[in-house]
Amino acid sequence: MLAEAPAGWSRAQRRLHWWSAGLILGGFAIAWPMVALPLDQLLAKFLLYQAHKTIGLTVLALLLWRGALRLRRGRPAWDAGLPPGQARLAGAVHLALYALMLVVPVLGYFTAATAPAQVPTLFLLVIPVPHAVGADPAAFGVLRVVHRALAILLVALAAGHAAMAVHHHRKGLPILARMWRATP
Ligand code: HEM
Ligand code: HEM
């Protein structure tokens, strides 16, 4: 980590933040029709599952990249206009978001791997991703519920986090602005 806090978020950190947010919301949105589609629409169901798994694995890869950058470069100091209590709360929420961005895709991977149907995981529809474990209906029953619950928690927490960012932006603090474009 750098000895001093950087002046702002780097271009890579900003891009990774917005790409991850978009992919999480996209993956979350397609999860519901993917599960609900009847088996007589098998091709659409299969394609939605592969899109969901590809998006989720991409979120995981971006998180590892982002985590490495964060450890090496750190983050800019909290905005001076943010009361210390709110900065501590934001820090805890950011940590929880990072943890969920790791745990949700990993649980998703094991949900797919243990599923009784044993549908292969094809990254971008062409690259087979080996399943580390085989079909296990009992584990699948638990994993699918926990994966879904933590995904809902991730999106709910991100919604609160985004609402706070917009709230501070409206109060004139440059917190959202510095995540959106380079700090002048
Ligand atoms: C940030 C990433 C992810 C989010 C937000 C997410 C979200 C969700 C949600 C909300 C559901 C429940 C849908 C429902 O029950 O109607 C779900 C199901 C599922 N997810 Fe994910 N997921 C993510 C990553 C992954 C990954 C990486 C994989 C696999 C490689 C995966 C595999 C699955 C599978 C197989 C199901 C269906 C389980 C079932 O049949 O009930 N997910 N996901
Ligand atoms: C799934 C969606 C999202 C996730 C998982 C997420 C996650 C995060 C995380 C983990 C950080 C901390 C970065 C670090 O310390 O390295 C962060 C920062 C930030 N996020 Fe998000 N975010 C999401 C969506 C949004 C949205 C929609 C907005 C705005 C409308 C937003 C605005 C911000 C801002 C302004 C910061 C910088 C805070 C600061 O400089 O102190 N985020 N986000």
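The model is predicted. Around ligand 1 there are 24 residues, and 21 residues surround ligand 2. The largest nonpolar core has 14 residues, and its largest share comes from H3.

**Ligand 1**

- The residues that come nearest to ligand 1 are Ala-31, Val-35, Gly-56, Gly-108 and Ala-151.
- Two or more residues of this shell come from each of helix H1 (11–36), helix H2 (42–73), helix H3 (84–114) and helix H4 (137–170).
- By residue class, the shell around ligand 1 holds 14 nonpolar, 7 polar and 3 charged residues.

**Ligand 2**

- Closest to ligand 2 are Ala-21, Ala-158, Ala-162, Ala-165 and Met-179.
- The elements giving two or more residues to the shell around ligand 2 are H1, H3, H4 and helix H5 (175–180).
- The shell around ligand 2 is made up of 14 nonpolar, 4 polar and 3 charged residues.

**Largest nonpolar core**

- Val-104, Phe-110 and Leu-154 touch the most other members of this 14-residue core.
- At least two core residues are supplied by each of H2, H3 and H4, and H3 gives the largest share, with 7 residues.
- Leaving aside residues up to four places away in sequence, Leu-154 touches Ile-24, Leu-100 and Val-104.
- In soluble globular proteins, nonpolar side chains tend to be buried together.

**Helix H3**

- The buried residues of H3 are Met-101, Val-104, Pro-105, Leu-107, Gly-108, Tyr-109, Phe-110, Thr-111, Ala-112, Ala-113 and Thr-114.
- H1, H2, strand S1 (121–123) and H4 are among the elements that cover these buried residues.

**Loop residue Ala-77**

- Ala-77 lies in the loop between H2 and H3.
- Ala-77 has 12 other C-beta atoms within 10 Å and therefore counts as exposed, since the cut-off for exposed is 12 or fewer.
- From Ala-77 to Trp-19 the separation is 58 residues in sequence and 23 Å in space, C-alpha to C-alpha.

Conventions:
Residues numbered from 1 in each chain as written. Chains lettered and ligands numbered in written order. Predicted model: local features only at pLDDT ≥ 70, side-chain atom pairs only at ≥ 80, totals over all residues. Near = placed C-beta within 6 Å. Helix = DSSP H or I, 4+ residues; strand = E, 2+ residues; numbered from the N terminus. Nonpolar A, V, L, I, M, F, W, Y, C, P; charged D, E, K, R; others polar. Core = buried A, V, L, I, M, F, W, Y, C linked by C-beta atoms within 7 Å. Buried ≥ 20, exposed ≤ 12 C-beta atoms within 10 Å, placed from the backbone. Contact = placed C-beta atoms within 7 Å.
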